[in-house]
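Let's work through the spaces and the ligand site of a protein together.

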Amino acid sequence: MTAPTILCVAGSPRRHGNSELLLDSCVRGIEEAGGIADRLEVVEYDITPCQGCNACSLTEECVISDRMREIYPRIDAADAIVISSPVYFATVPAVLKALYDRCQPYWARQHVLNQPAPARRPGALLLVRGAGDPYGFEAAVLTTKSVFAVLGIDLVDTIEVEGVDSPSELGRHPDSIARAEELGSTLVGRTLEYRR
Ligand SMILES: Cc1cc2nc3c(=O)[nH]c(=O)nc-3n(C[C@H](O)[C@H](O)[C@H](O)COP(=O)(O)O)c2cc1C
């Protein structure tokens, strides 16, 4: 049996920050459990926002020619997906939201072109935020669930870390770091269950 591939998306515009450190821990768990972690740092891909042209409702494909074209096959090939992200104004940062919006072809295929939904896969969400904003994690979770729905992903677990701003602050949350590692290995096991 081939090792499961888990697409591990770092959604912050800031490299090596709190959410990416949480993802690093999850990647360790994936690799320790024998999975393959396909890391994708969205900020490096310069993803153009969806322009709402609805061409994908006719042709199934996005007309924008950018590096998202490298990402679609990686989304399709993944046995599971983990998203890590900071909360920005209650939801996910623009660099990650651009990737989410460019998933519109998956929506169009199912809801306009009546194609079958993709096979179910497990997924997880790792969120960090500062403090002081009253809106918490909810909008970021719902936004991600909306994208997971069109990708056929069941959200099996979410880790939320509050009160971190400067990158080193995640170190004050060893329990969350350990949980992210555990989640990585759990996800590998879950992908095998979904294959049955
Ligand atoms: C533009 C911007 C908007 C933010 N909005 C929020 C927010 O709405 N709620 C919150 O709790 N923290 C907010 N933060 C704080 C970040 O979530 C926090 O600094 C986080 O640790 C950054 O994660 P990273 O190190 O992975 O980039 C915001 C930060 C920035 C730069």
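## Exercise 1: The ligand and its shell

Task: describe the surroundings of the ligand.

Solution. Start with the shell: the ligand is surrounded by 17 residues, of which Ser12, Arg14, Ser19, Val164 and Asp165 are the closest (a residue is near a molecule if one of its heavy atoms lies within 4 Å of it). Before going on, note that this is a predicted model, in which local features need pLDDT of at least 70 and side-chain atom pairs count only at pLDDT 80 or more, while totals for chains, interfaces and linings use all residues. Residues are numbered from 1 along each chain as its sequence is written, and side-chain values use heavy atoms, with hydrogens and water left out.

Next, sort the shell by class: it has eight nonpolar, five polar and four charged residues. Here Ala, Val, Leu, Ile, Met, Phe, Trp, Tyr, Cys and Pro count as nonpolar, Asp, Glu, Lys and Arg as charged, and the others, Gly among them, as polar.

Now look at individual atom pairs. The side chain of Arg129 has an N or O atom 2.8 Å from an oxygen atom of the ligand.

## Exercise 2: The pocket

Task: find where the ligand sits, and describe that space.

Solution. The ligand sits in the largest pocket, meaning that more than half of its atoms lie within 2 Å of the pocket's grid points. On a 1 Å grid over the protein atoms alone, a pocket is an open set of points with protein on both sides within 12 Å along at least five of seven lines; a cavity is a set where a 1.4 Å probe fits but cannot get out; lining residues have an atom within 4 Å of a point.

The largest pocket holds about 330 Å³ of space. Its lining has 17 residues, and Val87, Tyr88, Arg129, Gly130 and Asp165 are the closest to its centre.

## Exercise 3: The cavity

Task: which residues line the largest cavity?

Solution. First, count: there is one cavity of 30 Å³ or more. The largest cavity contains about 70 Å³ of space. Leu7, Val9, Leu40, Ile71, Ile75, Ile81, Ile83, Leu99, Tyr100, Val147, Phe148 and Leu151 form its lining. Finally, check the classes: this lining has twelve nonpolar, no polar and no charged residues.

Terms used
Points joined across faces, edges and corners; volume = space filled by probe spheres on them. Polar contact = N/O pair within 3.5 Å; in protein donor to acceptor, adjacent residues only side chain to side chain.
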